[in-house]
Amino acid sequence: MPGLYYHHWGANEVYYPYVHPSLFAKACASWVWVLLLEGQTAAASLPLLVTTWIHPSVGWQVWFFSLPLFLMGRPAQRRLYGLASLAVLSYVGVVLQKSAPAPPQQELWEKVFIHFNAHMHFNPAYFRLSGHILFTLLLLGGLYVAWRQHSPLGWSLGLYGLAMIGYVLNFYFIHFKPAIYAQLPRATVWLKPLGVFLIMAGLRPYLPSFTLSFGLRLLLFGLVGWTVFRLARSEAVGSTHLQLLRWKDSEPFQLGKWVSTHLPDTVLLAAPPSPAGETALIFSQRSSYIWVAPIFQHSQPQLYRQRIQQLYGVDPLEGAANWKRLFGGLGEAYYEALLQNTPDTLAKWGITHVISRSNLCLPYRKLWSGPTLAVWEVPPVCR
């Protein structure tokens, strides 16, 4: 929504300029809300199941916060949605059981993941101040309009308020693990549009009334689509905010494509701790010494911690402050010094190729170079 983008809790938005499973899940989840609000409870079962299958976290959160709409629906339509609800809870339970950290590693796993790697998703202290203000206003404004108009969405907003208060109290005082792992603050991705729609509904009687014909709607839709297309072709806007339509033009993709085409499956890559470096690793489709992002499914937190320390010089056990240092320049500076001064160490770790800034002077053979990134071959250790 214009003016509200990137003001959030839990570092979560409905739209991001790249492809991600949660985006497809949210697209399906939008229809769960629409169909429930229109009273088509049975029809909402299919998008709910599809949402949960694509992304269990999005699925169960939509199910939970839309429960008041389900309970207030027509009894004849609730049966199918009830069965879908059982399927959602069963599937999410299986996923949680399989993905939960092993008990001996749980404490270390939580320090590495919750307090270091993903503090922006879990720790309210690191949520944006603008998000606190925004959601307080949307929640209170939405509740007021829902009360005045007797809207069932008021119960969903009330559930949001209670859940967020409970999450904050639990995070700081109770420490009940399942409630923390639930990442409830990310569910405010739905609170934003719901609150805006309710407030707009409250203001509607005070605004001039107008209707749009089908032809005019079609024209506006076409104009919006054409604007998005033109912005995507713009170097200044498209390459940053609409990469979904031009991701093949990006340098990380070009680098990754070259690696996947010209280097064997046996290579082991290292990359700087930066969005471009991490993206290049994904597109390369090759093994990496450490990939900073996916710690939530990392089964060896001690190995993750060790390799972060080795390659980037920061200790994950020091929490969010070190995450900021890692991506704030300190990690990349340490990484580049390592490349320049200790190539034998990299080879001993099994690293065969490295990604770095293209203007670095390294004692390696440069295999591919772009405007800002390059791929180098690490010489083997002399025996």
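How many residues does helix α5 have, and how far does the helix reach from its first C-alpha to its last? Helix α5 (residues 75–99) has 25 residues and reaches 36 Å. That is close to the 36 Å expected at 1.5 Å a residue, where the expected span is 1.5 Å times one less than the number of residues.

## Basis of the model

This is a predicted model, in which local features need pLDDT of at least 70 and side-chain atom pairs count only at pLDDT 80 or more, while totals for chains, interfaces and linings use all residues. Residues are numbered from 1 along each chain as its sequence is written, and side-chain values use heavy atoms, with hydrogens and water left out.

## Overall build

The chain holds 19 helices and 5 strands. Both are DSSP runs numbered from the N terminus: helices are H or I with at least four residues, strands are E with at least two. Along its principal axes the C-alpha trace spans about 80 × 55 × 35 Å.

Of the 383 residues, 44% count as buried. Buried means under 20% relative accessible area, exposed means over 50%, and partly exposed lies in between (1.4 Å probe, protein chains only). The chain exposes about 20800 Å², and carbon and sulfur atoms supply 66% of that area. Accessible areas come from the Shrake-Rupley method with a 1.4 Å probe; for residues, only the protein chains shown count as cover. Among contacts with a separation of 6 or more, 62% join residues 24 or more positions apart. A contact means heavy atoms within 4.5 Å.

## Helix α5 and its neighbours

Gln 77, Tyr 81, Ala 84, Ser 85, Val 88 and Val 92 are the buried residues of α5. They pack against four helices: α1 (21–37), α2 (45–54), α3 (56–65) and α4 (67–71).

## The sheet

Five strands make an open sheet with mixed pairing, in the order β2-β1-β3-β5-β4. β2 (287–288) and β4 stand at the edges with a single partner strand each, so one side of each has no neighbour in the sheet. Two strands pair if DSSP finds at least two bridges between them. Strands of a sheet pair through backbone hydrogen bonds, either parallel or antiparallel.

Strand β5 (residues 373–377) has 4 of its 5 residues buried, so the strand is largely enclosed by the rest of the structure. β5 pairs with β3 (residues 353–357) in the antiparallel sense over 5 bridges. Here Leu 373 is the bridge partner of Arg 357, and Val 375 stands opposite Ile 355. β5 also pairs with β4 (residues 365–369), again antiparallel, over 4 bridges. On that side Val 375 faces Trp 368. A hairpin of 3 residues joins β4 to β5.

Strand β3 likewise has 4 of its 5 residues buried, so β3 too is largely enclosed. Strand β1 (residues 268–270) runs parallel to β3, joined by 2 bridges. Ala 270 stands opposite Val 354 in this pairing.

## Salt bridges

The whole structure has 7 salt bridges. Each is a side-chain nitrogen of Lys or Arg within 4 Å of a carboxyl oxygen of Asp or Glu. One of them joins Lys 192 to Glu 13, with the closest N and O atoms 3.0 Å apart. The pair links distant parts of the chain: Lys 192 lies in helix α11 (residues 188–203), Glu 13 in the segment before α1, 179 residues apart. Lys 192 is buried at 5% relative accessibility. Glu 13 is buried too, at 5%.

Helix α6 (residues 106–117) holds both Glu 107 and Lys 111, 4 residues apart, about one turn of the helix. Their salt bridge has its closest N and O atoms 3.7 Å apart. Glu 107 is exposed at 57%, while Lys 111 is partly exposed at 38%.

Lys 177 lies in helix α10 and Glu 110 in α6, so the pair ties together parts 67 residues apart in sequence. Lys 177 is partly exposed at 31%; Glu 110 is buried at 11%.

## A nonpolar surface patch

Ile 165, Leu 169, Tyr 172, Phe 173, Ile 174 and Phe 176 form a nonpolar surface patch with about 670 Å² of accessible area together. Patches are made of residues with over 30% relative accessible area and no salt bridge; like charges are joined within 9 Å, nonpolar side chains (Val, Leu, Ile, Met, Phe, Trp, Tyr) within 5 Å. Phe 176 sits in the loop between α9 (153–174) and α10 (177–181).
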